[in-house]
Amino acid sequence: MGIGNIGLPGLLLIAVVVLVLFGRGKISSLMGEVGKGITAFKKGVDEGKQELEDQKAEAAKDVTPEDEKDKDKV
């Protein structure tokens, strides 16, 4: 009998024990902190993606010298 065979009754028992030990207020504040952490992580990932896209756009700029551009117009 391994830890993978807990099942629904076992999970409910664990939840009740945790609730009794820590109390409802402590658990709700802990879950609030977990939610804030997840939100901050998602924000960081989005900012990282935006930064990479900005770097790609900057790297794709036309870097031809001005005198070379003038020759193409003739």
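Let's start with Phe22, which is exposed at a relative accessible area of 51%; exposed means over 50%, buried under 20%, and partly exposed in between, using a 1.4 Å probe and protein chains only. Keep in mind that this is a predicted model, where local features need pLDDT of at least 70 and side-chain atom pairs count only at pLDDT 80 or more, while totals for chains, interfaces and linings use all residues. Residues are numbered from 1 along each chain as its sequence is written, and side-chain values use heavy atoms, with hydrogens and water left out.

Okay, so where does Phe22 sit? It's in helix α1, residues 7-22. Helices here are DSSP runs of H or I with at least four residues, strands are E runs of at least two, and both are numbered from the N terminus. α1 has 16 residues and reaches 23 Å from first to last C-alpha, close to the 22 Å expected at 1.5 Å a residue; that expectation is 1.5 Å times one less than the number of residues. Just after α1, Gly23 takes a positive phi of about 85°.

Phe22 also belongs to a nonpolar surface patch of about 750 Å², together with residues including Ile6, Leu11 and Val18. For patches, residues need over 30% relative accessible area and no salt bridge, with nonpolar side chains (Val, Leu, Ile, Met, Phe, Trp, Tyr) joined within 5 Å and like charges within 9 Å. The areas are Shrake-Rupley with a 1.4 Å probe, and for residues only the protein chains shown count as cover.

Now, an unreviewed UniProt entry annotates residues 6-23 as "transmembrane region". UniProt positions are in the numbering used here, feature names are shortened, and annotations may be inferred rather than shown by experiment. In the model, that stretch is 89% helix and 0% strand.

Zooming out: three helices, zero strands.

What about salt bridges? The whole structure has one, meaning a Lys or Arg side-chain nitrogen within 4 Å of an Asp or Glu carboxyl oxygen. Lys36 pairs with Glu33, closest N and O atoms 3.8 Å apart. They're three residues apart in helix α2, so about one helical turn separates them.

Last, confidence: pLDDT, the predictor's per-residue score from 0 to 100, averages 83. Helix α2 is highest at 90, and α3 lowest at a mean of 63.
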